[in-house]
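User: I have a model open and want to learn how to read its features. Can you walk me through it, starting with the backbone?

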Amino acid sequence: MSQGVVVVIPARFASTRFPGKPLHVLAGKPLIQHVYERAKALQAQVDAIIIATDHEGIKNTAEGFGATVCMTASTHETGTDRLAQVANYYAWSDQTIVVNLQGDEPLTPLTNLEQLIANMQRYDDVAMATLATPIQSLEELNNPNCVKVVCDNTGKALYFSRAPIPHQRDGLLRPLADYALRHIGMYAYRVGFLKAYPLLSPAPLEALEKLEQLRALANGFKIHVDIAYENPGLGVDTLADAVSVEKLLNS
């Protein structure tokens with residue numbers, strides 16, 4: 001698989017805010033099955049769809065609805081480390097593209113996943129591709145839970161931060177949506193980068209901001225950023241989110 005594309009769905013049982021989340025039933029199916037079925041809509045464009053988990057219960061459930069499962073360690077500090085283990089297990093070539101579809105994102109727009117794949121195929125000098133949306137308010141810009149990104153003229157990331165970047169020194173002379181971008185945590189990777197990532201020491205900037213993508217930038221890897229075709233769907237972080245997502249699935 002030299003230029004192939006695969007989708008990996010990480011699914012952890014031990015979520016701090018919602019333990020057992022992948023197995024929580026929504027509209028008659030476990031959450032992880034909804035995510036898997038979303039990925040299956042891409043099957044004509046990808047070579048494999050794999051659920052990566054460290055939990056036997058998730059493995060058994062996923063295999064029960066026909067998914068391929070790769071068991072991974074429970075000690076991974078980042079999702080990127082988990083994907084690296086999967087890539088090494090299957091011995092994918094360095095140019096293989098891995099799309100990371102989070103196991104708690106059943107409403108992820110397919111157009112955004114296709115966008116990530118297309119950008120990785122178009123820009124062969126990047127290690128990663130990700131997406132962003134325009135920031136609409138000062139509250140959003142100043143919210144540390146909203147990760148901001150600034151890019152160069154070719155769409156490559158210059159920096160990610162929880163701080164309000166870029167700063168307009170002379171006041172709000174331009175609408176925020178013209179220049180300020182909120183990063184969406186959707187990624188595609190090249191396997192060569194995934195193999196290298198676990199060997200990289202955490203970067204000081206990464207430790208300060210608590211943003212793992214800064215490790216890639218600090219070590220000279222390029223990240224392409226594009227404006228998402230669609231706003232991301234609601235994810236499931238809490239039980240309240242699950243109730244909201246179930247209503248949307250039922251509708």
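Analyst: Start in the loop between α3 (79-90) and β6 (97-100), where Ala-91 sits. Keep in mind that this is a predicted model.

User: What is the phi of Ala-91?

Analyst: First the general idea. Most residues other than glycine have a negative phi, and most peptide bonds are trans. Now the case here. Ala-91 has a phi near 55 degrees, a positive value in a residue other than glycine.

User: Is Ala-91 buried or exposed?

Analyst: The cut-off for exposed is over 50% relative accessible area. Ala-91 counts as exposed because its relative accessibility is 62%.

User: Which other residue has a positive phi although it is not a glycine?

Analyst: Look at Lys-210, with a phi of about 60 degrees. Its place is the loop between α7 and α8 (213-218). Lys-210 has 61% relative accessibility, so this residue counts as exposed.

User: And the peptide bonds? Which one is cis?

Analyst: The bond from Ile-165 to Pro-166 is cis, and its omega is near -10 degrees. Pro-166 lies in the loop between β9 (157-161) and β10 (181-190).

User: Let me step back to the whole chain. How many helices and strands are there?

Analyst: The chain has nine helices and eleven strands.

User: How does the radius of gyration of the chain fit a compact globule?

Analyst: Compare the value with what the chain length predicts. For 251 residues, a compact globule would have a radius of gyration near 18 Å. The chain has 18 Å, so the two agree. Along the principal axes, the C-alpha atoms fill a box of roughly 60 × 40 × 35 Å.

User: What share of the residues is buried?

Analyst: Buried means under 20% relative accessible area. By that cut-off, 48% of the 251 residues are buried. For the surface, the chain exposes about 11,800 Å², with 51% supplied by carbon and sulfur atoms.

User: How many side chains are charged positive and negative?

Analyst: There are 21 positive and 26 negative side chains. The centres of the two sets lie 1 Å apart.

User: How do I read contacts along the sequence?

Analyst: Ask how far apart the partners are in the chain. Take the contacts between residues at least 6 apart in sequence: 68% of them join residues at least 24 apart. Gly-79 and Glu-212 show how sequence and space can be set side by side. They are 133 residues apart along the chain, and their C-alpha atoms are separated by 9.3 Å. Gly-79 belongs to helix α3 and is partly exposed, with a relative accessible area of 32%. Now take Pro-202 and Lys-247, which are 45 residues apart in sequence and 40 Å apart in space, C-alpha to C-alpha.

User: Where is Pro-202?

Analyst: Pro-202 is in the loop between α6 (191-196) and α7 (204-209). Its relative accessible area is 56%, so Pro-202 is exposed.

User: Show me a buried loop residue. What is in contact with Val-126?

Analyst: Val-126 lies in the loop between α4 (110-122) and β7 (128-134). It is buried, with a relative accessible area of 3%. Leave aside neighbours within four places in sequence. Val-126 then contacts Met-120, Lys-156, Arg-190, Lys-222 and His-224.

User: What does Val-7 contact?

Analyst: Again leave aside neighbours within four places in sequence. The contacts of Val-7 are Ala-39, Leu-42, Val-46, Ala-48, Ile-49, Ile-50, Val-99 and Leu-101.

User: Why is α1 described as largely enclosed?

Analyst: Count its buried residues. Seven of the ten are buried, so α1 is largely enclosed by the rest of the structure. They are Leu-31, Ile-32, Gln-33, His-34, Val-35, Tyr-36 and Ala-39. Their cover includes β1 (5-11), β2 (25-26), β3 (29-30), β4 (48-53) and α9 (239-250).

Conventions. Residues are numbered from 1 along each chain as its sequence is written. This is a predicted model: local features need pLDDT of at least 70, side-chain atom pairs count only at pLDDT 80 or more; totals for chains, interfaces and linings use all residues. Side-chain values use heavy atoms; hydrogens and water are left out. Helices (H or I, at least four residues) and strands (E, at least two) are DSSP runs, numbered from the N terminus. Buried means under 20% relative accessible area, exposed over 50%, partly exposed in between (1.4 Å probe, protein chains only). Contact means heavy atoms within 4.5 Å. The radius of gyration is taken over C-alpha atoms; the globule rule is 2.2 Å times the number of residues to the power 0.38. Accessible areas come from the Shrake-Rupley method with a 1.4 Å probe; for residues, only the protein chains shown count as cover. Lys and Arg count as positive and Asp and Glu as negative; His and the chain ends are not counted. The place of a charge is taken as NZ of Lys, CZ of Arg, CG of Asp or CD of Glu.
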